[in-house]
Amino acid sequence: MKLNTILCTILASISAIAYAKNHSYQLIEVVTLSRHSVRAPLSSPSSELGQVTNFDWIKWSAPKSELTLRGGILETEMGQYFRKWLDHEGLFKEAYCPNRDEINIYANSMQRTIATANYFAAAFKPVCGLKIYHRFKPNTMDPVFFPRLTKVTPAFTKLAHQQINQLAGYQHVDELTKSLEPSFNTLEKILDLTNSPICKKRKICQLNDFHTNIILKNNDEPRLTGTLQLGTKIADALILQYLEDPNDETAIFGKKLTFTQIQNISKIKDTYGDILFSTPIIAVNVANPLLIYMRDELLAQNRKFTYLVGHDSNLTSVMSALEIIPPKLTQAIETRTPIGSKLLFEKYVDKKSGEMFLKLQIMYQSTPQIRHLIPLDLNHPPIIEDLTFKGLTKNAAGLYKFKDVIMRFNQAITKYETIQ
């Protein structure tokens with residue numbers, strides 16, 4: 001880093017500290033949108049996942065798609081950290097049990113999200129018997145969290161295809177898929193795909209179908225086909241296995257990969273998620289119910305803490321709909337919305353002027369913290385990074401005007417209402 005850059009960074013930090021001292025900010029509410037913690041793969045080893053390699057997948061501590069034991073431990077650590085953090089910030093007094101108006105823990109009705117919320121709540125307020133809220137029987141998608149399209153018309157489909165084809169500066173989504181060829185090649189070598197059952201029985205011996213078909217149907221999630229779809233299924237399972245198994249000798253079927261190589265494998269599934277859920281017109285479509293819910297929580301008069309547990313698709317679509325600049329996280333394998341990550345909307349009041357502000361951050365456990373179950377506390381926190389709203393201005397303390405953020409929510413909600 002150049003000396004001028006270092007000096008500018010130091011001066012900016014000093015300026016922010018001085019500004020904050022002159023403005024007495026008090027944290028008065030936090031709305032958190034969390035991705036569930038570590039789960040077993042969505043497909044069982046006896047399915048197509050078991051056909052792509054002759055290597056044995058690890059023995060998971062939970063059935064397919066469900067939260068693993070490690071996931072429960074990790075979310076317990078997060079709950080403990082939130083308790084210490086919010087007590088330290090004065091949002092709650094130590095050992096205080098909040099009432100129903102002050103706290104809302106609401107999960108999608110899938111096992112992995114319900115379980116994540118339960119582990120968090122038990123650690124967050126361990127003597128308060130907090131109740132978590134989910135609306136349907138387990139393994140049912142709640143419409144608030146279900147990233148489905150509810151307005152699919154010829155005009156919407158045309159615009160969605162145009163935006164997808166221009167994603168990441170490429171002329172067509174097939175070019176974007178082709179750009180992942182090095183990651184697909186790495187995946188083939190790890191799996192020994194040419195000697196796998198899927199190669200011998202179905203002649204799928206290479207991940208080289210770069211034609212990506214986009215499927216947009218009303219009342220369903222957006223979907224893709226081709227190598228990107230199959231590669232995502234495999235990469236998802238492999239990344240989860242690496243996080244679940246701390247033994248480097250077995251986590252990647254005995255292969256020794258650098259952290260960057262593992263990130264490049266995850267890039268397959270990250271790109272899949274970006275195409276489906278960060279495309280602007282798709283994002284405002286699938287995220288609309290959650291945006292309304294989150295805005296109402298931020299405006300709720302007596303609410304102090306909201307904890308919403310959903311999926312990576314929820315975080316991705318909400319960030320895109322609100323025009324939050326996508327992060328490039330360096331201490332996680334998944335560089336956009338890591339497993340267990342939390343999108344934080346922190347509401348502050350300036351006690352001198354009474355004006356309200358908002359800080360936007362993302363919190364996640366680093367890969368070593370996940371793999372080695374490193375305890376969290378105020379001296380050893382998870383990774384917390386500031387995020388930026390495109391087109392909105394932060395003050396010297398790094399805070400946005402609260403009314404500007406609410407206006408951004410309203411704009412995203414209105415975009416859905418005006419879909420032709």
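**Exercise 1. At roughly what angle do the axes of H9 and H12 cross, and within what distance do they come?**

Before you start: this is a predicted model, in which local features need pLDDT of at least 70 and side-chain atom pairs count only at pLDDT 80 or more, while totals for chains, interfaces and linings use all residues. Residues are numbered from 1 along each chain as its sequence is written, and side-chain values use heavy atoms, with hydrogens and water left out.

*Solution.* 
- Step 1: find the helices. Helices (H or I, at least four residues) and strands (E, at least two) are DSSP runs, numbered from the N terminus.
- Step 2: read the geometry. The axes of H9 and H12 cross at roughly 55° and come within 9 Å. Axes here are lines fitted to C-alpha atoms, for helices over the stretch in contact, and angles run from 0 to 180 degrees between N-to-C directions.
- Step 3: name the arrangement. H9 and H12 are therefore oblique to each other. Angles under 35 degrees count as roughly parallel, over 145 as roughly antiparallel, 65 to 115 as roughly perpendicular and the rest as oblique.
- Step 4: list who meets whom. Lys269, Gly273, Asp274 and Phe277 of H9 touch Asp312, Ser313, Thr316, Ser317 and Ser320 of H12, where contact means heavy atoms within 4.5 Å. Sorted by class, that gives one nonpolar, five polar and three charged residues. For the sorting, Ala, Val, Leu, Ile, Met, Phe, Trp, Tyr, Cys and Pro count as nonpolar, Asp, Glu, Lys and Arg as charged, and the others, Gly among them, as polar.

**Exercise 2. Take aspartate 274: is this residue buried or exposed, and what does it touch?**

*Solution.* 
- Step 1: Aspartate 274 sits in helix H9.
- Step 2: check accessibility. Aspartate 274 counts as buried because its relative accessibility is 14%. The cut-offs are under 20% relative accessible area for buried, over 50% for exposed, and partly exposed in between (1.4 Å probe, protein chains only).
- Step 3: look around. Not counting residues up to four places away in sequence, aspartate 274 touches Leu167, Thr279, Thr316 and Arg336.

**Exercise 3. Work out how H11 and H12 pack, and which classes of residue make the contact.**

*Solution.* 
- Step 1: H11 (residues 288-299) and H12 (residues 312-321) pack at about 75°, with axes 10 Å apart.
- Step 2: that makes H11 roughly perpendicular to H12.
- Step 3: on the H11 side you'll find Leu290, Leu291 and Met294, and these meet Asn314, Val318 and Ala321 of H12.
- Step 4: the class tally is five nonpolar, one polar and no charged.

**Exercise 4. Where is histidine 36, and which residues is it in contact with?**

*Solution.* 
- Step 1: histidine 36 is in the loop between strand S1 (25-35) and H2.
- Step 2: with 2% relative accessibility, histidine 36 counts as buried.
- Step 3: leaving aside neighbours within four places in sequence, histidine 36 is in contact with Arg112, Thr113, Thr116, Val309, Gly310, His311, Ile339 and Gly340.
- Step 4: histidine 36 and leucine 67 are 31 residues apart in sequence and 7.9 Å apart in space, C-alpha to C-alpha.
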